[in-house]
Amino acid sequence: MPRAIAYHRPSTVAEALDLLGNGCIPLAGGTVLNADDDPTPVSMVDLQALNLSDIATNDDELRLGAMATLHDLATNHQLPSGVAEAARAELPSTLRTLATVGGTVAARNADSVLLAALLVHEAAVEVVGPGGSTTITLPHLLSEGIPEGSLITAVRIALGGESVRRSTARTPADQPIVSATARQTQDGTWVAVTGVADHPVLVDPENPTVGLNPSGDFRGSRDYRCRLAEVLTARAVAAVGGIA
Ligand SMILES: Cc1cc2nc3c(=O)[nH]c(=O)nc-3n(C[C@H](O)[C@H](O)[C@H](O)COP(=O)(O)OP(=O)(O)OC[C@H]3O[C@@H](n4cnc5c(N)ncnc54)[C@H](O)[C@@H]3O)c2cc1C
């Protein structure tokens, strides 16, 4: 557990931003923060009372409030089934009821199959900070991080075109070593791969390893991960009927 020296539970985003400006950090579901054993003292801003957990459709988009939990995503029938399934696969049920979509985006976990599903659904992240509100594409946010002193308030995804994931893991219940998620739309084929970079990445469906240089670990070497990315991308693309 981190050394929490202060806990705040504001009821407006403006109050939360003031607290972030004074060095506090956001606390969402706490599955990352409360598992952190870094002893550095922290002051936390609990986001629970900010009313950020709605899930709603808007034209051809779905807006996921940052505080919607992975359980909410897994059980909401408005979600594309591939995104709901990825939320279910991400964490065990005990953690799904806590972990949030905003926390998942902020944590940028390299193995996150939910982030991969959001990427192929062209996710855009609504962020509010000292300079006002802005929308950042998910690939940009994953590579650059959240702007200093800002909060994620929602993630918007495009509807239409179901996604399919193909993965290799040590056991069926384990986090994939590498996974490829594909989605086919009228505009083309989207593919996102996990386990090959610091965070999940969109790749070229025909050349999925271009520009990648994954780190090897006890679960798989660099070359093994690259080979998996090629094979799993081909399988996922074939499963959605992409690129003849
Ligand atoms: C046992 C265990 C297993 C796990 N397994 C997996 C796994 O298989 N795959 C995976 O991807 N992850 C895994 N995780 C990591 C984690 O559960 C997820 O990343 C989770 O979704 C984080 O969400 P949270 O709401 O709990 O975030 P929190 O712990 O509350 O916060 C995480 C980080 O995000 C910041 N943050 C949270 N919300 C916001 C916001 N709205 N705006 C700005 N910053 C914000 C926090 O300040 C903190 O830095 C695991 C964690 C544990 C403890």
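The model is a predicted one.

Helix H1 covers residues 13-21. Its buried residues are Ala16, Leu17, Leu19 and Leu20. Why do they sit on the same side of H1? They cover an arc of only 160 degrees around the axis, and this puts them on one and the same side of the helix. The cover over these buried residues includes strand E1 (3-8), E2, E3, E6 and E8.

Now look at the face of H1 turned away from the buried side. It carries the exposed residues Ala14, Asp18 and Gly21. Take Gly21 as an example. Its relative accessibility is 61%, so it counts as exposed, because the cut-off for exposed is over 50%. Gly21 and Ala169 are 148 residues apart in sequence, and their C-alpha atoms are 41 Å apart in space.

## Ser43 in strand E3

Strand E3, residues 41-46, is part of the cover over H1's buried residues. Ser43 lies in this strand. Is Ser43 buried or exposed? With a relative accessible area of 18%, Ser43 is buried. The cut-off for buried is under 20%. Leaving out residues up to four places away in sequence, Ser43 touches Ile5, Ala6, Cys24 and Ile25.

## Two loop residues with positive phi

Follow the chain past E3. Asn51 is in the loop between E3 and strand E4 (55-58). Its phi is near 65 degrees, a positive value in a residue other than glycine. Asn51 counts as exposed, at 65% relative accessibility.

Asp59 comes in the loop between E4 and E5. It is not a glycine, yet it has a positive phi of about 55 degrees. Asp59 is exposed too, with a relative accessible area of 74%.

## The largest nonpolar core

How many residues make up the largest nonpolar core? It has 35. Those that touch the most other members are Leu64, Leu73, Leu79, Val105, Leu114, Leu118 and Leu138. Several elements give two or more residues to this core, including strand E5 (61-65), helix H2 (70-75), helix H3 (81-90) and helix H5 (101-107). H6 gives the most, with eight residues.

Zoom in on Leu79. Setting aside neighbours within four places in sequence, Leu79 is in contact with Ile55, Leu62, Leu64, Leu73 and Ala84. Another core lies apart from the largest one. It has 16 residues, among them Val178, Ala180, Leu232 and Val240.

## Helix H8

Helix H8 runs over residues 222-239, 18 residues in total. From its first C-alpha to its last it reaches 26 Å, close to the 26 Å expected at 1.5 Å a residue. Its buried residues are Arg225, Cys226, Leu228, Ala229, Leu232, Thr233, Ala236 and Val237. They span an arc of only 160 degrees around the axis, so they fall on the same side of H8. In an α-helix there are 3.6 residues a turn, so residues three or four places apart point the same way.

The buried residues of H8 have a cover that includes strand E9 (163-168), strand E10 (178-185) and strand E11 (188-194). On the face turned away from the buried side are the exposed residues Asp223, Arg227 and Ala238. Just after H8, Gly241 takes a positive phi of about 70 degrees.

Where is Pro214? It is in the loop between strand E12 (201-203) and H8. Pro214 counts as buried, at 3% relative accessibility. Beyond its neighbours within four places in sequence, Pro214 is in contact with Gly195, Val196, Arg222, Arg225 and Cys226. Pro214 and Val196 are 18 residues apart in sequence, but 4.5 Å apart in space, C-alpha to C-alpha.

## The largest pocket

The largest pocket has a volume of about 1200 Å³. It is lined by 47 residues, and the closest to its centre are Val32, Gly103, Thr104, Ala106 and Ala107. Strand E2 (25-27), H3, H5, E8 and E9 each give two or more residues to the lining. H5 gives the most, with five residues.

Conventions: Residues are numbered from 1 along each chain as its sequence is written. This is a predicted model: local features need pLDDT of at least 70, side-chain atom pairs count only at pLDDT 80 or more; totals for chains, interfaces and linings use all residues. Side-chain values use heavy atoms; hydrogens and water are left out. A nonpolar core is a set of buried Ala, Val, Leu, Ile, Met, Phe, Trp, Tyr and Cys residues joined through side-chain atoms within 4.5 Å. Buried means under 20% relative accessible area, exposed over 50%, partly exposed in between (1.4 Å probe, protein chains only). Helices (H or I, at least four residues) and strands (E, at least two) are DSSP runs, numbered from the N terminus. Contact means heavy atoms within 4.5 Å. The expected span of a helix is 1.5 Å times one less than its number of residues. The arc is that of the directions from the helix axis to the C-beta atoms. On a 1 Å grid over the protein atoms alone, a cavity is a set of points where a 1.4 Å probe fits but cannot get out, and a pocket is an open set with protein on both sides within 12 Å along at least five of seven lines; lining residues have an atom within 4 Å of a point. Grid points are joined across faces, edges and corners, and a volume is the space filled by probe spheres set on the points.
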